[in-house]
Amino acid sequence: MRGLTQGTDTQQVSPEELFQVISDATSQQDPRRVESSTKRLKELFQQPGVYDALHEIAATKTLPLTIRIQASIQFKNEALKNWKSRKLQNDQNRANIRTRCITFLDEEDATIADCNKVAVSKIARADFPHAWPSLIDDLMRVIDTNLQQRYVLGADDPRSNLVLQRTLQLLCGVTKEFASMKMLNGIKVMKQIFDHLYQTINTYFVTVFGSIQFPPNPQAFENPRLYTDLVFSHLLFKTLVTLITWIWQRFGRLSDPEKQVLEPWLTQVFGGSVQQLQGLVVQRAIVTKLQSPDPSQLSSQALMTHQILTKHIRRFGKFYLRMTSVDPRRMAALPNCSDAVMFYWGQVVEAANDLPAIRDTPSALYPVRFLVQGLVFFKDLVGQWKAHRRDGSANENVLTADFIENAVKVIVTRLLPFTQEDLEGLEQDPEEWINTEEQETQQWEYELRPCSERVLMQISNQYPEYVTPLLKATFAEVADKPATDIGIPNKEALYCAVGRCCHKLKEEIPFESWVERILIAEVQLPPNEPFVYVLQRRIAWVLGKWMSESCCSPNIPTIWQILLHLLSTRSQGSTIIRLTAAVALREGVDTLDFDCNKFAPFLPQAVTQLMSLIGEANTFDSKRKVDDALNVVIDRAGKQIIPLVPLITSPIPELWTEADDDFLFKSSLLVTMTNVVKAIGTESTTLAHIIVPLVKESMNQGFNLDGDGSNLWKEAMRNTLTMDNPGPSETLAGLMDILVYQLKTNLDLLGTMINIAESYFLLDPARMLQIDAVALLDVFLTLFKGSALVQNKKDSLSALSLLIQLTPASLWVEAMHKSGLFPSLLDAFMMDKEDNAQILCEIEYLFSRIALSSPEALLQLIKNATPLVEAGREGVLENVPVNEAKVYELFLDRWWGTFDFMSEPRHRKLVAMGTAALVSTGHPEILARLRSEFFNLWLDVFGEIKEAQNPVTKNEDGREVPSYLTLYWEKSDAPASYYQDTEGTPEYERRKAVFESDPVRTTQLSAFVGAKLREAEAKIPNFQQLYLEGADPAVLQQIQAELS
């Protein structure tokens, strides 16, 4: 370690200790040493100079390889995150590391070299060109020297080859890093790099690629020099592609002189790449045909050559696909682009005529990924060669009808039918196969058959005039023929095409006749026919596809008969049939045109089969897929599901236990119960013995189960008739402790928890207060003083106002003070500590509700809170206790000031009534505001709202109609926000009853104010002289007019 300590005297980290810790971390004999070293390493990473010392360990080639690898990985993972940290390293440390990075150019270990590549790329992003201006030039100098040695002098030195490979990797990494930068400074640097490299790299690539020659013999890939040349060619081409694609997507922003220079160059490079690709593919095919198709018969050198050669060829495809994704029209206009597309398509056609030669291995004659690239390239550009462009202009290059028809035939007859390998994979693990098959957003980009389906769809969309008649004719010719005569895979492929092109065929083929004559018969084919289940699975799929795409009515009885028959299948391959039928059922039910009444005869069997399949499926992914279908059926069936509820809910506890830690399936089960509750409404009251345990476990387990669990809880509370259901054990009332805990701790679900709390208040207002009022109100204190969102705080205050409205003051007045809630609200209100006016308004609404319930209680709360309130504004010393008079002054100032923020008439009337209730107490501090602020407040509200108390009358039958209040200022019902999406539930009626019985709606304001003024007058001798003299005569006259 002596060499490691040289030049590190100024470092505060101990290199010797760091080395020992890294050494211990690589120990495979003593896990305790590994654990302690890991902990100590985290501590060392906080010491200055640690990354410089760590990098020196990685660079010292005399140390054991395992230690160097560990040091390299730790440097990559930690140092780059803190590269600019002045605490952990100074400029000298960073300079040492940059210099040392270049010493890894002859590194033999691939892991260390890869870590260095990442490190150089990230460091360059931060330091090039200012702190590391020579980086690109240094790399290019090394590349040029070693290329000269190999391709001019003819030397084949292993060390030189290694240095060249590592340097090319670094250059590739650096250019890729800068190409990903989006900020203006990064773009400017990348433009400098491009200008510096593009011609030189292309020249290097052409030189190296030109040396790649392999004779047409089976041993051609045994040559190590060929392998090395391919590696260099691949790395140079990667860098060249990065440069080209970067400038390609910014070509429109270049100046005209730059375009004049670069456009011919891009055209030349692209045209050359097409010829290079064709040469590589053709030469590779010649050699591959001469070799054994079994990879195990090839030497390791031959396999390595196949690997790099196939990788190199795929890089050409990635290059073309990237350019196409940026600008397909400009790509199609490039000379030789059509040649490239036709070459790829030619390869696809050749492979389609030699299906056994298609394999997903680098040594295959037709590697799957290469063919998929060709298909995607063809798909992305096939629309560019229509007779007319989108703008209506004529196209010079047009694909003929014969070409399109032949392309469709190749896809439908050769690429879509299942191969023997497909069928074998399906039989090995049918559930995994079906799950993979239906990942439509990902699968098609990697496998040949799904990709071919997408190509067919694209051709059908772009050339319907050719494709639709062809598919129609093929369908008419083949549909009536028995599947066994034309081959089950062929008929399955045709049905696949019918599903994928359903929008083009919906007006062309007799769909209902096909379903009722052909499909109904084919789903009943005997299971002893080989692979008949593949066809029957496709039938289920195509029915679901047509319904989900609105290409046929989802209310055709024969469709449901077929799907339910397939759901009940029990034979070879029945798993994939039943799973696909379940998905098709969901797709049909989940459509706008679905008529539940027409589906009603099939509902019992559908639910029975879906529940059976959930129990029988082997994987939880499959169970969840079926449960998703069940959830949609429940949601659409509504009340019709009631007779089937026991069938659905009884197995759920056992399924929940079986799921263990599969939280996705558990989440789906919670959705099932939620949908059941929503569908059956009040009937769900008897399900508490299932609902409550599910809610408890989901709220305890987390993992996003609490979100679905809280939704179930919310719907159960909204639909129940009582929280004390006549069940054997569990009740919704038993969840109140969990509610209190969740309200205090779960900020993510706070909105839902507040909704649930309101449901408890509406169902049994006094229950939670009677159990522990202090604990409940302490929850609201926590919410108010915590970091909850403003909307959540507003909703919590609104819920508290609801509770005050529904319960007598005796249940909460003492707890309001003991919990600290009222003093905290009063302090925040008086001192204007809330930046949000909505919160201040909600506090005033709450105080108004307290005043309406018991104005004496409000005054007592203010009195009790006075010693706890600290002043802090307008000249009053901070943190100095204030007297009761000062509290009233601040309180009433804020009461009047907040009133101006209120806009809804019912809220302004509520405050006006709360003000009158305060006046009725006869408190002198309150009455002092009567002739000024309170009169003005009442006049404002009197002027805004018009009300009339209708006298007692008799109806036509002579029965007495009680007096009622007509509100001209408000609609007959509450705003939608008040009902919280509870329409159709018992809670809606509970909310409606509370709304309609609200004193704000049932009491005439003028009569209420007059009564409260008379109460105050009765309590105070000389009331008029004390509190009305000096009032504005006009204001007083208006008040008297309103009250008369």
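## A cis bond in a loop

P129 sits in the loop that links α7 (110-127) to α8 (135-151). The model shown here is predicted. In this model, the peptide bond between F128 and P129 is cis. Its omega angle is about 0°. Most peptide bonds are trans.

## The whole protein

The protein contains 54 helices and six strands. Its C-alpha trace spans about 120 × 90 × 65 Å along the principal axes. The radius of gyration is 39 Å, whereas a compact globule of 1044 residues would have one near 31 Å.

How much of the protein is made up of buried residues? Buried residues account for 54% of the 1044 residues. Now take the contacts between residues at least 6 apart in sequence. Of these, 73% join residues at least 24 apart.

## Two loop residues with positive phi

Most residues other than glycine have a negative phi. D981 has a positive one, near 60°, and is not a glycine. This residue lies in the loop between α49 (976-979) and α50 (986-996). Is D981 buried or exposed? Its relative accessible area is 68%, so D981 is exposed; the cut-off for exposed is over 50%.

N1022 also has a positive phi, about 55°, and is not a glycine. Its loop runs between α52 (1005-1019) and α53 (1023-1027). N1022 has 52% relative accessibility, so it counts as exposed.

## Helices α12 and α15

Helix α12 covers residues 256-290, and helix α15 covers residues 337-352. Their axes come within 9 Å and cross at roughly 20°. An angle under 35 degrees counts as roughly parallel. Therefore α12 and α15 are roughly parallel to each other. Their crossing is left-handed.

Which residues meet here? From α12 come F270, V274, L277, Q278, V281 and V282. From α15 come C337, D339, A340, F343, Y344 and Q347. Sorted by class, this contact of α12 with α15 holds nine nonpolar residues, two polar ones and one charged one.

## A closer look at Q278

Q278 is located in helix α12. Its relative accessibility is 26%, so Q278 counts as partly exposed. Leaving out residues up to four places away in sequence, Q278 touches D339 and F343. Both of these partners belong to the α15 side of the contact.

Q278 and Y344 are 66 residues apart in sequence. In space, their C-alpha atoms are 9.1 Å apart.

## Helices α35 and α36

Helix α35 (residues 688-701) packs against helix α36 (residues 705-719) at an angle of about 150°. The axes are 8 Å apart. Why are these two helices called roughly antiparallel? Angles over 145 degrees count as roughly antiparallel, so α35 and α36 are roughly antiparallel to each other. This crossing is left-handed.

On the α35 side, the contact uses I691, L694, V695, S698, M699 and Q701. On the α36 side, it uses L705, D706, G709, S710, L712, W713 and A716. Eight residues of this contact are nonpolar, four are polar and one is charged.

## Helices α13 and α16

Helix α13 spans residues 300-326, and helix α16 spans residues 368-381. Their axes come within 10 Å and cross at roughly 20°. That angle makes α13 roughly parallel to α16. The two helices pass in a left-handed crossing.

I313, R314, G317, K318, Y320, L321 and T324 are the α13 residues in the contact. They meet R369, F370, Q373, V376, F377, D380 and L381 of α16. The contact of α13 with α16 divides into seven nonpolar, three polar and four charged residues.

T228 lies in helix α11 (residues 224-248). Is T228 buried or exposed? Its relative accessible area is 18%, so T228 is buried; buried means under 20%.

Leaving out residues up to four places away in sequence, T228 touches R150 and N161. T228 and T305 are 77 residues apart along the chain, and their C-alpha atoms are separated by 8.8 Å.

Key:
Residues are numbered from 1 along each chain as its sequence is written. This is a predicted model: local features need pLDDT of at least 70, side-chain atom pairs count only at pLDDT 80 or more; totals for chains, interfaces and linings use all residues. Side-chain values use heavy atoms; hydrogens and water are left out. Axes are lines fitted to C-alpha atoms, for helices over the stretch in contact, and angles run from 0 to 180 degrees between N-to-C directions. Helices (H or I, at least four residues) and strands (E, at least two) are DSSP runs, numbered from the N terminus. Angles under 35 degrees count as roughly parallel, over 145 as roughly antiparallel, 65 to 115 as roughly perpendicular and the rest as oblique. A crossing is left-handed if the near helix is turned anticlockwise from the far one by less than a right angle, and right-handed if clockwise. Contact means heavy atoms within 4.5 Å. Ala, Val, Leu, Ile, Met, Phe, Trp, Tyr, Cys and Pro count as nonpolar, Asp, Glu, Lys and Arg as charged, and the others, Gly among them, as polar. The radius of gyration is taken over C-alpha atoms; the globule rule is 2.2 Å times the number of residues to the power 0.38. Buried means under 20% relative accessible area, exposed over 50%, partly exposed in between (1.4 Å probe, protein chains only).
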